[in-house]
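User: Hello! I am new to this structure and would like to learn how to read it. Could you walk me through some features?

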Amino acid sequence: MATPTKVSAVEEIVTDFKDSTAAVLTEYRGLTVAQLKELRRSLGQDTKYSVVKNTLTGIAAKEAGIDAFDGQLAGPTAIAFIKGDAVAAAKSLTDFAKTNPQLIIKTGVFEGNALDASGVAALAALESRELQLARVAGVLKAPMSMLARSVDALRVKLEDGSDSAPAAEEAPAAEEAPAAEAATEE
């Protein structure tokens with residue numbers, strides 16, 4: 001029979017799964033408390049890194065409709081529940097795992113799709129959301145900038161043309177003067 005404490009723990013994990021856009025399952029064997037604190041800090045405020053009980057997590061994952069963790073819940077397990085930018089959190093996890101090989105990234109879930117360790121690494125290799133948005137803004141801005149430069153170039157050309165217009169009017173008068181002199185000489 002399940003105790004109320006275990007039932008509430010499962011409910012909390014189910015809620016974390018449902019509220020997250022991504023979740024990454026890790027093994028943290030050999031990491032110190034200070035290293036775990038550093039990892040949590042590097043993940044940011046939108047990511048909750050929780051040490052979980054394997055049996056309760058298995059039950060919660062099934063209730064949340066996640067099957068990516070089947071067979072992966074063994075050993076000291078922690079899950080990063082990512083509510084914000086999944087790319088930034090995956091980068092933080094993979095960077096931390098590079099400097100601390102005790103952290104093992106096992107599997108993950110991103111927007112309902114199962115990821116293996118290489119899938120999490122591929123997610124981390126993507127550009128950040130801000131950089132992607134900046135590129136889209138640049139692509140959208142380019143035609144407007146080109147139009148503005150063209151209109152400005154046309155304006156400059158017209159202004160230069162209006163300055164040379166009086167010189168053009170003077171030129172025919174100068175050509176008429178020799179013609180008038182030639183007529184008087186005859």
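Analyst: Here is a short tour, from the chain as a whole to single residues. This is a predicted model, in which local features need pLDDT of at least 70 and side-chain atom pairs count only at pLDDT 80 or more, while totals for chains, interfaces and linings use all residues. Residues are numbered from 1 along each chain as its sequence is written, and side-chain values use heavy atoms, with hydrogens and water left out.

User: Thanks! How many helices and strands does the chain have?

Analyst: Helices (H or I, at least four residues) and strands (E, at least two) are DSSP runs, numbered from the N terminus. Here there are six helices and five strands. Along the sequence they follow the pattern α-β-α-β-α-β-α-β-β-α-α.

User: What share of the residues in the chain is buried?

Analyst: A residue is called buried under 20% relative accessible area, exposed over 50%, and partly exposed in between, using a 1.4 Å probe and protein chains only. In this chain of 186 residues, 31% are buried. The chain exposes about 11,800 Å², and carbon and sulfur atoms supply 58% of that area; the method is Shrake-Rupley with a 1.4 Å probe.

User: At what angle do H1 and H3 cross?

Analyst: Axes are lines fitted to C-alpha atoms, for helices over the stretch in contact, and angles run from 0 to 180 degrees between N-to-C directions. H1 (residues 4–19) and H3 (residues 54–64) have axes that come within 8 Å and cross at roughly 50°. Angles under 35 degrees count as roughly parallel, over 145 as roughly antiparallel, 65 to 115 as roughly perpendicular and the rest as oblique, and H1 and H3 are therefore oblique to each other. From H1, the contact includes Phe17, and from H3 it includes Ala61. Its residues divide into ten nonpolar, one polar and three charged. For that count, Ala, Val, Leu, Ile, Met, Phe, Trp, Tyr, Cys and Pro are nonpolar, Asp, Glu, Lys and Arg are charged, and the others, Gly among them, are polar.

User: Which residues of H3 are buried, and what do they pack against?

Analyst: Leu56, Thr57, Gly58, Ala60 and Ala61 are the buried residues of H3. They pack against H1, strand E2 (47–52) and strand E3 (77–82). H3 is followed by glycine 65, with a positive phi near 80°.

User: Where is isoleucine 66, and what does it touch?

Analyst: Isoleucine 66 lies in the loop between H3 and E3. This residue is buried because its relative accessible area is 13%. Leaving aside neighbours within four places in sequence, isoleucine 66 is in contact with Phe17, Ala61 and Val109. Isoleucine 66 and valine 109 are 43 residues apart in sequence, and their C-alpha atoms are 7.9 Å apart in space.

User: Why does threonine 107 count as buried?

Analyst: Threonine 107 sits in strand E4 (residues 104–110), and it counts as buried because its relative accessibility is 6%. Not counting residues up to four places away in sequence, its contacts include Val24, Phe69 and Val120.

User: Which residues of H4 meet H5?

Analyst: Helix H4 (residues 86–99) and helix H5 (residues 117–125) pack at about 115°, with axes 7 Å apart. Ala86, Val87, Ala90, Lys91 and Thr94 of H4 meet Val120, Ala121, Leu123 and Ala124 of H5. These residues divide into seven nonpolar, one polar and one charged.

How values were computed: Contact = heavy atoms within 4.5 Å.
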